[in-house]
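I opened this model to look up its interfaces. My notes follow, in the order in which I took them.

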4 protein chains.
Amino acid sequence: MKSSVLLVECPDRPGLVHGITGVLFRLGVNVVGNLEFVDRASRRFFMRTEFDGAVNGAELLAAVRAVLPEQAEVRLSHLEPKRVVVLASKEHHCLADIIVRHLFKELNAHVLAVIANHATLEPLVRKFDLPFHHLPHGELPREVHEAEVLNMVQRYRPDYVVLAKYMRVLSPKFVGQFPARLVNIHHSFLPAFAGARPYHQAFERGVKVIGATAHFVTDELDAGPIIVQQVVPVDHTHAAEDLVLAGRDVEQMVLARALRLVFEDRVFLCGNRTVIFD
Amino acid sequence: MKSSVLLVECPDRPGLVHGITGVLFRLGVNVVGNLEFVDRASRRFFMRTEFDGAVNGAELLAAVRAVLPEQAEVRLSHLEPKRVVVLASKEHHCLADIIVRHLFKELNAHVLAVIANHATLEPLVRKFDLPFHHLPHGELPREVHEAEVLNMVQRYRPDYVVLAKYMRVLSPKFVGQFPARLVNIHHSFLPAFAGARPYHQAFERGVKVIGATAHFVTDELDAGPIIVQQVVPVDHTHAAEDLVLAGRDVEQMVLARALRLVFEDRVFLCGNRTVIFD
Amino acid sequence: MKSSVLLVECPDRPGLVHGITGVLFRLGVNVVGNLEFVDRASRRFFMRTEFDGAVNGAELLAAVRAVLPEQAEVRLSHLEPKRVVVLASKEHHCLADIIVRHLFKELNAHVLAVIANHATLEPLVRKFDLPFHHLPHGELPREVHEAEVLNMVQRYRPDYVVLAKYMRVLSPKFVGQFPARLVNIHHSFLPAFAGARPYHQAFERGVKVIGATAHFVTDELDAGPIIVQQVVPVDHTHAAEDLVLAGRDVEQMVLARALRLVFEDRVFLCGNRTVIFD
Amino acid sequence: MKSSVLLVECPDRPGLVHGITGVLFRLGVNVVGNLEFVDRASRRFFMRTEFDGAVNGAELLAAVRAVLPEQAEVRLSHLEPKRVVVLASKEHHCLADIIVRHLFKELNAHVLAVIANHATLEPLVRKFDLPFHHLPHGELPREVHEAEVLNMVQRYRPDYVVLAKYMRVLSPKFVGQFPARLVNIHHSFLPAFAGARPYHQAFERGVKVIGATAHFVTDELDAGPIIVQQVVPVDHTHAAEDLVLAGRDVEQMVLARALRLVFEDRVFLCGNRTVIFD
């Protein structure tokens with residue numbers, strides 16, 4: 001018997017939890033876990049309820065909507081593995097981590113393909129019997145290359161696109177195709193060191209911690225909603241290239257955690273912030 | 001308008017959240033936050049609901065009990081500051097931290113008195129205009145000294161007793177007077193290095209992290225339910241006495257966090273484990 | 001027998017460690033610990049040698065200089081407690097931590113006085129029998145108030161000035177009086193959230209870690225060399241005011257660590273970065 | 001031009017650093033980094049000097065020995081990749097991490113083969129074109145199976161043997177073949193939860209942090225010198241099986257760090273403790 005997840009988001013008002021749990025109780029499902037949150041700044045209510053038991057989805061959704069404000073967003077997920085395309089460049093660590101976890105079913109995802117603007121990682125990807133598409137940017141105008149990439153991505157009709165150290169900035173046109181479905185790993189604790197060469201910026205500034213940030217991509221570079229952040233301590237013995245090395249482990253860890261949360265339907269957007277039920 | 005907290009603990013069964021939130025909804029109180037948890041191992045349900053609004057306590061409790069299994073434990077707290085007695089010996093850092101936080105009302109507590117088996121900390125305590133009782137153990141038989149301490153503690157009728165680096169082992173007789181109301185800070189990440197001189201044990205073992213553990217005291221030494229634990233990295237340059245110094249900050253931080261949680265009615269016991277709603 | 005510390009900084013060249021340790025060996029002192037570092041970016045050599053044993057300071061310095069390049073900076077410290085003035089505003093936690101550590105001689109410092117632009121913390125400071133000077137800014141032009149503060153500070157001829165949550169921006173004129181002797185605690189992991197209200201900025205950005213930074217103050221706001229940084233994880237349940245509370249503990253911890261390092265002569269400047277021998 | 005490393009260990013006495021750096025200076029090599037440590041408890045001196053430049057190894061060693069006490073242990077390493085055999089059972093995460101890092105030359109090692117008592121991980125290992133030997137224990141007496149494993153290991157004449165979640169206890173006979181050359185990852189912050197099923201022990205004890213420990217294996221189970229330890233926070237929502245999952249990432253991170261340190265000749269033994277020059 002598989003678990004399902006009910007996801008609710010609406011303006012707050014009294015009685016919401018009572019109403020929603022009443023519907024589930026009357027339908028006789030077995031609630032495994034229930035997490036709710038009211039964002040005081042926006043007066044918005046979020047709830048994620050995991051439950052076991054067969055249920056008529058349309059009936060459940062209708063009954064839940066009946067106890068909620070009109071503007072409520074209600075989703076029912078059966079936690080099927082998400083369809084995912086990964087974009088990469090030359091660095092292997094995040095990509096390797098994802099495809100190893102994929103192989104051992106640690107991510108709730110089907111990795112459909114890897115697309116890269118360099119051929120470097122093809123041998124790695126081939127070992128895992130996954131499609132690898134090398135789309136070199138070469139002399140192509142930026143928008144032409146990006147259109148090729150977008151076209152290839154869309155062939156797979158993915159639920160999510162993951163930028164696993166894909167080192168090209170994407171245009172609003174590309175980003176707009178995947179609202180809250182495009183996850184990036186940035187190699188700094190944002191908002192510090194947005195943009196290019198964050199470890200070199202960090203070295204120049206003489207920081208004593210470096211970090212990584214997994215976030216949804218939006219039109220503004222490195223400014224989308226943050227999903228996971230983590231840091232590691234560093235000191236004066238770390239030259240810029242040592243920071244790059246020290247950062248790899250935290251990058252792959254942060255991205256893996258973010259993907260797990262997103263693919264298990266644990267992440268809500270709340271303006272430019274995230275509400276995460278873990 | 002003050003906040004109140006409803007605390008519920010009972011065997012799990014379907015519909016509990018629906019039932020409890022229904023009572024609160026019908027009484028018209030404004031729920032600020034709601035946290036619940038089912039412990040799978042014991043099939044036990046825990047819930048903490050913080051709400052604003054005047055309410056007839058007896059009426060609320062009766063109505064909540066009516067929707068719960070018979071064995072349910074239900075409490076209503078108005079989050080009044082807890083009455084607290086602190087026991088100490090010679091080390092100042094945890095005690096100083098508590099009385100500074102007390103002065104600035106950062107702990108939800110009234111520190112009623114400090115009792116110590118050494119006079120070392122009397123000048124510190126006097127600065128803060130708190131009663132200080134020096135009860136030296138001297139040549140006294142252990143049980144006689146402990147009875148004196150117990151007697152002095154009980155004069156204050158405290159809700160909680162805090163052992164802020166009190167370096168005497170307490171007998172089951174003493175401990176039995178304060179079930180789940182006696183909080184200790186132990187200077188290791190338990191269960192590693194229970195008992196005496198944990199930092200020296202840690203040095204001998206060559207560990208690369210040290211830590212501190214705040215826990216409720218039970219009959220078995222350093223084996224009670226853990227409330228908060230935290231560690232700090234160390235390395236070969238730390239001699240035993242350096243570990244002692246390095247541990248001070250984490251001890252006072254861990255104890256302060258545990259006290260905040262306990263005094264805000266955020267801690268449930270679940271066998272020898274704790275459920276903490278933070 | 002007290003420890004002394006030899007501090008050397010110069011352009012790197014072969015044989016420096018051999019030369020310096022040779023001088024100490026011939027003078028018959030007992031080296032307790034020896035730490036050296038070459039910054040590859042600037043090709044600069046740093047060394048801190050702690051030793052026991054009576055020694056003629058002038059003779060030692062001359063002998064060391066003789067084996068070093070001309071531009072070498074060589075200092076001999078006998079680790080006397082540093083003379084310190086603390087500036088504060090209304091927030092108590094960093095100041096209270098400093099004066100408790102001072103009372104128990106945990107910082108290698110004499111706190112000479114506390115100067116504040118509010119009277120809030122006077123009762124706390126008086127408990128510890130330290131001079132407290134309330135210099136309200138009131139309607140005063142910024143430069144007039146700052147001159148009053150500077151004047152009061154200088155009366156104490158401090159080695160270091162500590163900004164323990166002093167909430168006024170200091171002019172280059174003030175800062176210029178205390179090169180590498182003015183330590184500030186900023187309540188964010190710089191360079192993120194420089195300037196005013198960092199916790200509110202952090203909330204708006206939806207970060208998953210917050211932090212604190214202790215740094216030397218330079219002319220550019222919040223841009224001086226970083227001494228210590230640390231972070232704490234946060235999540236969507238933290239409103240801006242919760243971030244403020246969560247940040248207090250890390251602020252006081254970070255400042256205390258930085259002061260210990262600075263007052264024990266463990267911090268070198270290397271451009272806008274610090275080299276720290278701990 | 002490759003780096004070399006001089007490793008010295010001997011009873012402490014004045015002038016050691018001066019003497020050793022003098023030899024290197026006279027031989028005209030370029031010292032890249034120099035780390036030394038005196039263990040106060042054992043009065044033992046340790047030094048690791050990394051240098052560039054061609055040098056006659058025998059001449060260097062003789063010259064260094066001439067300035068040291070008779071009992072000194074002196075080694076010269078050219079940082080060639082270490083020859084490594086990995087033992088595994090069914091769990092993939094540590095093994096996968098090692099062989100991915102191996103593929104991308106992130107460990108200073110040649111992985112010669114993987115030996116396992118289960119066939120589970122064969123497909124993974126084959127993807128990376130490494131020899132995989134399945135030696136099932138089946139009905140074999142423990143010592144017979146172990147002898148088979150030992151025999152297979154020794155065929156590869158490895159410098160180091162890594163237990164990457166190999167779930168069989170090794171006898172003193174096996175362990176004795178690889179003094180300070182047998183590295184294990186234990187899934188708890190030792191000495192807490194030595195032995196079997198540490199995560200289940202941790203759940204029962206209700207700890208708020210779990211961790212992992214990489215250590216050299218000695219005759220006493222889980223009691224050898226610790227190389228790296230790290231922890232992750234957990235709470236009441238983690239059932240025993242959740243702790244297992246939460247621990248995986250920290251296990252593989254801790255093992256990878258330990259292997260990097262060991263394979264780069266950064267780890268000295270000091271009794272049952274380690275001195276690590278990183």
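Predicted model: local features only at pLDDT ≥ 70, side-chain atom pairs only at ≥ 80, totals over all residues.

**Between the domains of chain A**

I started inside chain A and found four residue pairs in polar contact between domain 1 and domain 2, both residues at pLDDT 80 or more. By polar contact I mean N or O atoms within 3.5 Å, where within protein one must be able to donate a hydrogen and the other to accept it, and residues adjacent in sequence count only if both atoms are side-chain atoms.

Residues are numbered from 1 along each chain as its sequence is written, chains are lettered from A and ligands numbered from 1 in the order in which they are written, and side-chain values use heavy atoms, with hydrogens and water left out.

Next I asked which elements of domain 1 of chain A give two or more residues to the side that touches domain 2. They are β1 (3-11), β2 (30-39), β3 (44-52) and β4 (73-77) of chain A; I take helices (H or I, at least four residues) and strands (E, at least two) as DSSP runs, numbered from the N terminus. β3(A) gives the most to this side, with four residues. By class I get six nonpolar, two polar and five charged residues on the domain 1 side. My classes put Ala, Val, Leu, Ile, Met, Phe, Trp, Tyr, Cys and Pro as nonpolar, Asp, Glu, Lys and Arg as charged, and the others, Gly among them, as polar.

The domain bounds in chain A are 4-77 for domain 1 and 82-276 for domain 2, and such bounds come from an automatic or database domain assignment. I get 32 Å between the two centres, taken over C-alpha atoms. The contact (heavy atoms within 4.5 Å) takes 13 residues from domain 1 of chain A and nine residues from domain 2 of chain A.

For buried area I use the accessible area (1.4 Å probe) that two parts lose on being put together, summed over both. The two domains of chain A bury about 840 Å² between them, with 54% of it on carbon and sulfur atoms. On the domain 1 side, A:Asp39, A:Phe46 and A:Arg48 lose the most area to domain 2, together 48% of what that side buries.

I also counted two salt bridges between these domains, a salt bridge being a side-chain nitrogen of Lys or Arg within 4 Å of a carboxyl oxygen of Asp or Glu. I looked at the A:Arg266 salt bridge with A:Glu50, where the closest N and O atoms are 3.9 Å apart.

**Chain A against chain C**

Here the contact takes 34 residues from chain A and 34 residues from chain C. I noted about 2,700 Å² buried between chain A and chain C, 60% of it on carbon and sulfur atoms. In chain A, the residues that lose the most area to chain C are A:Arg205, A:Lys208 and A:His236, together 27% of what that side buries.

My count between chain A and chain C is four salt bridges. I checked A:Arg40 with C:Asp242, whose side chains meet in a salt bridge at 3.1 Å, N to O. There are also 14 residue pairs in polar contact between chain A and chain C, both at pLDDT 80 or more.

On the chain A side, α7 (198-205), β11 (226-233), α8 (240-263) and β13 (273-276) each supply at least two residues. β11(A) gives the most to that side, with five residues. I sorted the side of chain A that touches chain C into 19 nonpolar, seven polar and eight charged residues.

The same surface serves both copies, since 100% of the contact residues of chain A recur in chain C.

**Chain B against chain A**

Last, I found ten residues of chain B in contact with ten residues of chain A. The area buried between chain B and chain A is about 960 Å², and carbon and sulfur atoms give 60% of it. α1(B) gives the most to the side of chain B that touches chain A, with six residues.
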